[in-house]
Amino acid sequence: MNTDIENLFKDKVIGHPAGLFVIFFTEMWERFSFYGMKILLVLFLTAPYLSDNPGWEWSRENALALIGTYSSLLYLTPIVGGWLADKVMGYKWAVIIGCFVMMLGHAAMVFETPWSLYLGLALLIIGTGFFKPNMTSMISEMYKGRESKKDGAYTIYYMGVNAGAFFGMMLCGYLAENIGWGYGFGLAGIFMFGGLVQFWLAKDLFGEIGEKPSKIHEVELPQNVNEESPKQHITTSVKDKLNQFTLLDKVLIVLSSLGGLLYLFNDPLSKIGNINLLPFKLGDFDGSSVTVLIALLLFLYLIISRIVRYTPVVRDNIIAVAVFGIFTVFFFSAFEQSLGSMTLFARDYTARALTGNSALVFKIIDTILTIGPLAIITWVLYLLFKKTYSKIPYSNIVLGLTFVFLWYVVFYKINNEFSKETTEVGASWFGILNSFFIITLAPSFSKWWESKYNPSVAMKYGIGLILLGLGFGILVFGTLGIPQGAKTASVSMIFLILAYLFHTMGELCISPVGLSYLSKLVPSRMIGFMFGIWYLAIAIGKKIAGTTGGMIDKITEQYSLSTFFLLFALVPIAMGVVSMILNPILKKLMHGVR
């Protein structure tokens, strides 16, 4: 394995092995297709039948119930996909399988029928399960022995994630809103296919890295303060026996998982198809509420019963992780409105029609936003070609062709926009703001974390949640003049742009640091289990986001749209204050981990 790593590091691009950039572009195309499709979903499902670009005219509640379940499952299947890659197929083949299944999912959605939609979403959920956890695992394996360069590698990888999301939402959204939904879904599928073929043809570059796991397990040195040294292997063995999953643990996992999955599927099925999988009541509570509550109680018992088995230091650290997990649920339940209720707000309540100088200024800014990042990434592609053309020529040819097609779509969009006297900004366009602000602001936040003013994790969570709430506060102010029950309005775009800015700053305080602190606080023998718990917290947050976002019509009709956004402003700010108040307690629970 060391030989393969050394070979990878012989051909460097911007100081990193060329293989990292193969992963970078594969991830970029996957995120392009994923976010390009996802930004369209709520718009397509809720678009009226009788329009120039007819959709299915679902209610907002039904559409967001489906999207909430879909988004939640996207963070649950990676737990299974990561385990299968670790134990059975290896990271490389898991990525290839994931790309192929997702490509089929995008292809199914082009047909715009109920069965093709549900099949497409199911395939995307399964494919993401194989793909999502294993790209980062390949990077981790590539940089064994070179841990000092990992931060830079993950930064480059994260840029690929955001570049893909940026161009996917911009271009898939543009084609879907201006030509037809099928064109947007189809474009997502085309680039997913390009990512699959490019990675498949480049797989030999990685040698044995990411291949099927051998039965001989490597022994790694302790990775954090909670790990015992090799001299303590006898004590560790005793502790590992205490930490093993008992029969009761396994039963609780199965029952709580089953209850959670029943709720996830029953919510959209009962609303959209009038199919109730849980047709019973317990007092004033329906079957779904009872089932998810029981599942939650069983899961809490499982966590608490496992925590008490650990040593005091480890136990305290896991309690700290659990507290941050709760804050994570609250964060994502509000933050994920970006691809739900905020996209609907962009379409129905935002003044998007521009004329005269305003239209010209927007066209120029939009062109710079499009051409600038694409030119930089194309330059990186050229550097990769120079280093690897003799080793993976066919992969590079495919990658080059996908970029030629990408430039063609970009020029089509720009030419088409400049040919019009007026401009109507697409509702999907606002989705690119999160990726744009991440790319521009991430370096500043990184420098902040490395300075002497680096706040503790509890303070970072507090700042992030408060910034998120302030973003919704801006929308509250912008919607004060909208009358009760209004279905449309013309609020200035500046309010939505500023909201995305504050939300992105909040995300930069929370998303990158959560997993980092998890890896520091939890012993490596428990990393897999705790990463699963973390993904579960995000999944719960995303489902809550769909459920609460679906209340937009009810709250607007009964109160106002500003009241709807006020709820998303107050709750995160309150949780942010709680996180800051708990800072001294959480510091003690972390036992010096920074």
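Modeller: In a salt bridge, a side-chain nitrogen of Lys or Arg sits within 4 Å of a carboxyl oxygen of Asp or Glu. This model is predicted, with local features needing pLDDT of at least 70 and side-chain atom pairs 80 or more, while totals for chains, interfaces and linings use all residues. Numbering runs from 1 along each chain as its sequence is written, and side-chain values use heavy atoms, without hydrogens or water.

Colleague: Okay, how many salt bridges turn up in the whole structure?

Modeller: Some of them join up: Arg60, Arg347, Asp348, Lys487, Asp553 and Glu557 are linked in a network of salt bridges. Searching the whole structure gives a salt bridge count of 19.

Colleague: How many residues apart in sequence are the parts that Lys542 and Glu336 tie together?

Modeller: These two side chains meet in a salt bridge, at 2.9 Å from N to O. Lys542 belongs to helix α19 (residues 527-549); helices are DSSP runs of H or I, at least four residues, numbered from the N terminus. Glu336 is in the loop between α12 (312-335) and α13 (341-348), so in sequence the parts tied together are apart by 206 residues.

Colleague: And is Lys542 buried or exposed?

Modeller: Buried means under 20% relative accessible area, exposed over 50%, and partly exposed in between (1.4 Å probe, protein chains only). For Lys542 the relative accessible area is 6%, so we call Lys542 buried.

Colleague: What about the pair Glu417 and Lys420: which residue counts as partly exposed?

Modeller: Glu417 and Lys420 form a salt bridge, with the closest N and O atoms 3.4 Å apart. Glu417 has a relative accessible area of 9%, so that side of the pair is buried. At 33% relative accessibility, the partly exposed residue is Lys420.

Colleague: Which residues does Ser33 contact, leaving aside neighbours within four places in sequence?

Modeller: Ser33 lies in helix α2 and has a relative accessible area of 1%, so Ser33 is buried. The C-alpha atoms of Ser33 and Phe193 are 9.4 Å apart, although 160 residues separate them in sequence. Counting contacts (heavy atoms within 4.5 Å), Ser33 has His106, Ala188 and Met192.

Colleague: And Ile392, how far is its C-alpha from that of Asp204?

Modeller: Ile392 is in the loop between α14 (356-388) and α15 (393-418), and at 4% relative accessibility this residue counts as buried. Apart from residues up to four places away in sequence, Ile392 touches Val22, Leu201, Ala202 and Leu205. Asp204 is 188 residues away along the chain, and the C-alpha separation is 8.2 Å.

Conventions: Helices (H or I, at least four residues) and strands (E, at least two) are DSSP runs, numbered from the N terminus.
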